[in-house]
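Student: Before we go through this model, could you show me how to read its features one at a time, with the general idea first and the particular case after it?

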Amino acid sequence: MMMPMLNQHWHATPDEPRPRVALIAHDARKEEMAQWVAFNGGTLSRCTIFATATTGSLVEERLGMRIHKLLSGPLGGDAQCGALIAEGRIDVVFFFWDPLSPQPHDVDVKALLRLAVLYDVPIACNRRSADLLISSPLFADVMYHESKEVAGA
């Protein structure tokens, strides 16, 4: 079996703050998230990662690193992630959600998306946007957002 290449475009130094990343994937998108995480393992290993329960277990297995696990999405994990955004404790969200399946926690999903926009937290909802976001030179610069005025704040 061929091992996936890791995306290792960014190298943190010990004194740099680590980007705080939230990872969420609906059931139909979990395998896609697992593949994306494996490809970007080098970069993600230099981040502090929060994830909903099942996604977090999957990421821990693929990366072999500690993940801050929230509740399962339908049991409040998406709402917890939204609270972390509102508290300024998340720098970027990778949320592979399923637009074709009804979700019992749809209200929480919409709230999470709203809070990410309200607090100007970048959010990628599919693999292509996730690839573009994580490969940006600004991804590792967690102070970039702090140096900009937030619209409406």
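Tutor: Let us begin with a single residue and its surroundings, where contact means heavy atoms within 4.5 Å. Leaving out residues up to four places away in sequence, Phe 94 touches Val 21, Ala 22, Leu 23, Ile 24, Met 33, Trp 36, Ala 124, Ala 130, Leu 133, Ile 134 and Phe 139. As for the ground rules, this is a predicted model, in which local features need pLDDT of at least 70 and side-chain atom pairs count only at pLDDT 80 or more, while totals for chains, interfaces and linings use all residues. Residues are numbered from 1 along each chain as its sequence is written, and side-chain values use heavy atoms, with hydrogens and water left out.

Student: Which residues have the most contacts inside the largest nonpolar core?

Tutor: A nonpolar core is a set of buried Ala, Val, Leu, Ile, Met, Phe, Trp, Tyr and Cys residues joined through side-chain atoms within 4.5 Å, and buried means under 20% relative accessible area, exposed over 50%, and partly exposed in between, with a 1.4 Å probe and protein chains only. Here the largest such core has 20 residues, and those with the most contacts inside it are Val 21, Leu 23, Met 33, Trp 36 and Phe 94. Two or more residues come from each of strand E1 (20–25), helix H1 (30–39), strand E2 (48–51), strand E4 (92–96) and helix H6 (127–134); these elements are DSSP runs numbered from the N terminus, helices being H or I of at least four residues and strands E of at least two. Apart from this core lies another, of 15 residues, among them Leu 84, Val 93, Val 109 and Ala 116.

Student: Is Lys 30 buried or exposed, and what does its side chain meet?

Tutor: Lys 30 lies in helix H1 and counts as buried because its relative accessibility is 13%. A polar contact is a pair of N or O atoms within 3.5 Å, where within protein one must be able to donate a hydrogen and the other to accept it, and residues adjacent in sequence count only if both atoms are side-chain atoms. The side chains of Lys 30 and Thr 55 are joined by such a contact of 3.1 Å, and a polar atom of the Lys 30 side chain lies 2.4 Å from the backbone oxygen of Ala 25.

Student: Where does Asp 120 lie, and what is its phi?

Tutor: Most residues other than glycine have a negative phi. Asp 120, although not a glycine, has a positive phi of about 55°, and Asp 120 lies in the loop between helix H5 (106–118) and strand E5 (123–124).
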